[in-house]
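Notebook open, model on the screen. I want to go through the chains one at a time and jot down what I look up.

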Amino acid sequence: MAEGRGRSRDRAPEGADGAAGQREAPGPGAGRADELGVLLARVARGDQAAYEAVYDRTADRVLGTVLAVVRDPAQSEEVAQEVLLDVWRSAARFDPNLGSAAAWVMTLAHRRAVDRVRSEQKAAERQIRVATSEIAYDEVTEAVEARLEQERVRRCLGSLTELQRESVTLAYYGGYTYREVAGLLGVAVGTVKTRMRDGLIRLRDCLGVDG
Amino acid sequence: MRPRPSDPHTLAGAYAMDAVAEPDRARFERHLAGCESCRQEIRGLREATAALGSAAAVQPPAAFREAVLRRAARTRQLPPAVTPAPVARADGRLGRSLLHGWRARLVVSLAGALAAVAVAGAVVGYRMQHNLDQVQQHDHAVAAVLSAPDATMLTAPVATGGTVTVVMSHRERALVFTAADLHLLPAAQSYEVWLIGPAGSRSAGMVPASSRGGMAGPMVISGLRAGDSVGLTVEPSGGSPHPTSPPVLMVSLAGQH
């Protein structure tokens with residue numbers, strides 16, 4: 001587990017880059033989201049200064065997301081590094097018509113983190129762990145909630161029903177499949193599917209973000 | 001409208017969180033290919049999941065930044081996704097701006113087939129010019145359907161093996177039919193495509209024997225009417241005026257606008 005680093009609230013970025021210190025979640029701050037998109041367009045043309053700016057605006061959320069899923073700090077840094085390189089490598093593939101730049105980066109990050117844990121754990125071993133509920137979900141959620149820096153997200157998560165919140169938290173931060181989440185929570189697979197969708201819709205509406 | 005748990009739509013939430021593993025994932029992505037409202041919904045949900053990720057932000061160690069920037073400086077970047085040349089030449093309307101998502105991907109897969117058709121045409125010596133004209137007309141018809149604003153893609157498995165992909169446009173009253181990895185038939189039999197509507201079945205032509213990595217087509221089928229389904233049957237190789245065997249594939253085109 002990532003004690004220490006996980007709890008770090010030290011906001012001062014090592015580059016003393018003032019703009020990066022004020023990072024916000026993507027969302028209604030459209031100017032902010034656009035700014036990242038504009039930077040990505042410059043990165044697509046090989047602009048390294050723009051890439052540094054993109055790094056300063058995304059590295060902490062990329063690492064945080066990966067860390068939530070992968071848990072092991074050394075492996076998480078490795079995966080986060082791959083994600084940030086992906087951003088450099090495939091910036092030209094970012095299409096602003098398909099969502100915000102922040103969502104594009106975070107989707108890359110989460111997918112890579114999930115790929116890592118799913119390829120690492122042999123399927124059988126994972127199933128046994130799920131079947132025996134060896135992973136206490138409380139541990140997962142607490143570890144994450146301790147790091148929830150954004151009051152808005154915490155408040156919106158709090159507006160979900162308990163089952164919605166558990167389903168969303170286990171899937172997103174825990175990196176579990178919806179079938180695994182159903183096993184962990186001991187509820188029907190169909191129920192988990194609908195709770196995940198309903199929960200995310202409520203979260204999206206509460207946060208005021210939309211594609 | 002609230003979807004039922006069995007509705008593929010309900011997977012949108014799990015999918016937006018990468019919580020769908022194979023084979024559910026492949027099945028859902030086939031559904032997504034023909035469901036613009038699902039793709040739209042997932043885009044919105046991904047903005048929400050991105051906020052979840054951002055909320056968990058953790059300051060990376062100092063050496064991390066230098067390592068990433070150094071590796072990036074040594075890494076070659078990918079070019080933007082572009083439409084392959086053979087199709088672009090076939091029809092000027094197929095500009096990149098018209099092609100997003102699955103359409104661009106489908107054009108990539110069709111481009112190979114079109115190029116193969118063009119080469120086949122060129123090989124036939126004395127009939128070359130005639131064939132090329134036909135090929136160009138064919139390419140043009142394919143492009144017209146693919147670039148139609150209401151083009152919709154459907155993919156369905158064939159009962160006896162293989163997959164059929166249909167891109168349809170009610171506006172063009174036409175569809176492009178391709179098949180992959182169909183079960184090989186004896187020489188005396190062929191696959192025949194049908195448009196099946198309330199008034200009965202109309203033959204839409206024989207599926208050409210696949211010669212290129214199991215891919216047959218693209219066939220352009222015109223005369224599409226509201227309420228039609230596409231069917232596929234096994235018939236004697238010359239074709240039949242009406243289906244003589246139960247369909248191995250039946251895809252409803254109703255409501256696919």
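With that, chain A reads α-α-α-α-α-α-α-α-α-α-α along the sequence. I also keep in mind that this is a predicted model.

**Entry: chain A**

I looked up the tally for chain A and got eleven helices and zero strands. Chain A has 211 residues, and 45% of them count as buried. Then I checked how far apart in sequence the contacts reach. Taking contacts in chain A with a separation of 6 or more, 68% are between residues 24 or more positions apart.

**Entry: the cores**

Which residues have the most contacts inside the largest nonpolar core? I found A:Val66 and A:Ala171, in a core of 75 residues. Helix H3 of chain A, residues 48-70, supplies the largest share of this core, at twelve residues.

As a general reminder, nonpolar side chains tend to be buried together in soluble globular proteins.

**Entry: where B touches A**

I counted the contact between the chains next: 47 residues of chain B meet 70 residues of chain A. On the chain B side, the elements giving two or more residues are helix H1 (12-16), helix H3 (36-55) and helix H4 (62-73) of chain B. Which of them gives the most? I get H3(B), with 14 residues. Sorted by class, this side of chain B has 30 nonpolar, eleven polar and six charged residues.

**Entry: one sheet in chain B**

I traced an open sheet of four strands in chain B, with the order E1-E2-E3-E6 and antiparallel pairing. E1 (152-157) and E6 (215-222) of chain B sit at the edges with a single partner strand each, so each has one side without a neighbour in the sheet. From one strand to the next, the twist averages 15°.

Now the pairs. E2(B), residues 163-169, and E3(B), residues 174-180, run antiparallel over seven bridges, and I see B:Thr163 opposite B:Ala180. E3(B) also pairs with E6(B), again antiparallel, over six bridges. On that side B:Ala180 faces B:Met215 of E6(B).

Is E6(B) largely enclosed or left open? Six of its eight residues are buried, so E6(B) is largely enclosed by the rest of the structure.

**Entry: the other sheet in chain B**

This open sheet has four strands as well, in the order E5-E4-E7-E8 (chain B), with antiparallel pairing. E5 and E8 (249-252) of chain B are the edge strands, each pairing on one side only. Here the twist averages 30° from one strand to the next.

I went through the pairs again. E4(B), residues 189-197, and E5(B), residues 200-206, are antiparallel over six bridges. A hairpin of two residues links E4(B) to E5(B), and B:Val193 stands opposite B:Gly205. At the E8(B) end, E7(B), residues 229-236, pairs with E8(B) in the antiparallel sense over four bridges. There I find B:Ser229 opposite B:Ser252.

Terms used. Residues numbered from 1 in each chain as written. Chains lettered and ligands numbered in written order. Predicted model: local features only at pLDDT ≥ 70, side-chain atom pairs only at ≥ 80, totals over all residues. Contact = placed C-beta atoms within 7 Å. Nonpolar A, V, L, I, M, F, W, Y, C, P; charged D, E, K, R; others polar. Core = buried A, V, L, I, M, F, W, Y, C linked by C-beta atoms within 7 Å. Buried ≥ 20, exposed ≤ 12 C-beta atoms within 10 Å, placed from the backbone. Pairing = 2+ DSSP bridges. Axes fitted to C-alpha atoms, helices over the stretch in contact; angles between N-to-C directions.
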